[in-house]
Amino acid sequence: MEMKPRVHFRDVEADDLPLFFEHQRDPIAVAMVAFRSRDRAAFDQHWEKLLADESLLKKTIVADGKVAGNIGS
């Protein structure tokens, strides 16, 4: 029997950001989205703005206990 991954969402933590940075730099990921990757300074500035805005939803996606990505609105 195939086991389905266990997926849940949690609030973004500072320790998630280095992995998010690497995700957005992945060439395959960049080819699949409608925006370019950011350099580290631009990435940090972007996330600082997102994290400071309480009106935004920002979640880390966790699959089988490992950070898989992020989602926001």
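Mentor: The largest pocket has a lining of 22 residues, and nearest its centre lie Gln-24, Phe-35, His-46, Trp-47 and Asn-70. This is a predicted model, in which local features need pLDDT of at least 70 and side-chain atom pairs pLDDT 80 or more, while totals for chains, interfaces and linings use all residues. Residues are numbered from 1 along each chain, and side-chain values use heavy atoms, without hydrogens and water.

Trainee: What makes a set of points a pocket, and what makes a residue part of its lining?

Mentor: On a 1 Å grid over the protein atoms alone, a pocket is an open set with protein on both sides within 12 Å along at least five of seven lines, whereas a cavity is a set where a 1.4 Å probe fits but cannot get out; lining residues have an atom within 4 Å of a point.

Trainee: Why is Asp-16 called buried?

Mentor: Buried means under 20% relative accessible area, exposed over 50%, and partly exposed in between (1.4 Å probe, protein chains only). Asp-16 has a relative accessible area of 4%, and therefore counts as buried.

Trainee: How do you know that the side chain of Asp-16 makes a polar contact with that of Thr-60?

Mentor: The term requires a pair of N or O atoms within 3.5 Å; within protein, one must be able to donate a hydrogen and the other to accept it, and residues adjacent in sequence count only if both atoms are side-chain atoms. For Asp-16 and Thr-60 the value is 2.7 Å, and the pair is a polar contact.

Trainee: Which residues does Phe-21 touch?

Mentor: Leaving aside residues up to four places away in sequence, Phe-21 touches Arg-38, Asp-39, Arg-40 and Phe-43; contact means heavy atoms within 4.5 Å. Asp-16, counted likewise, touches Arg-10, Asp-11, Thr-60 and Val-67.
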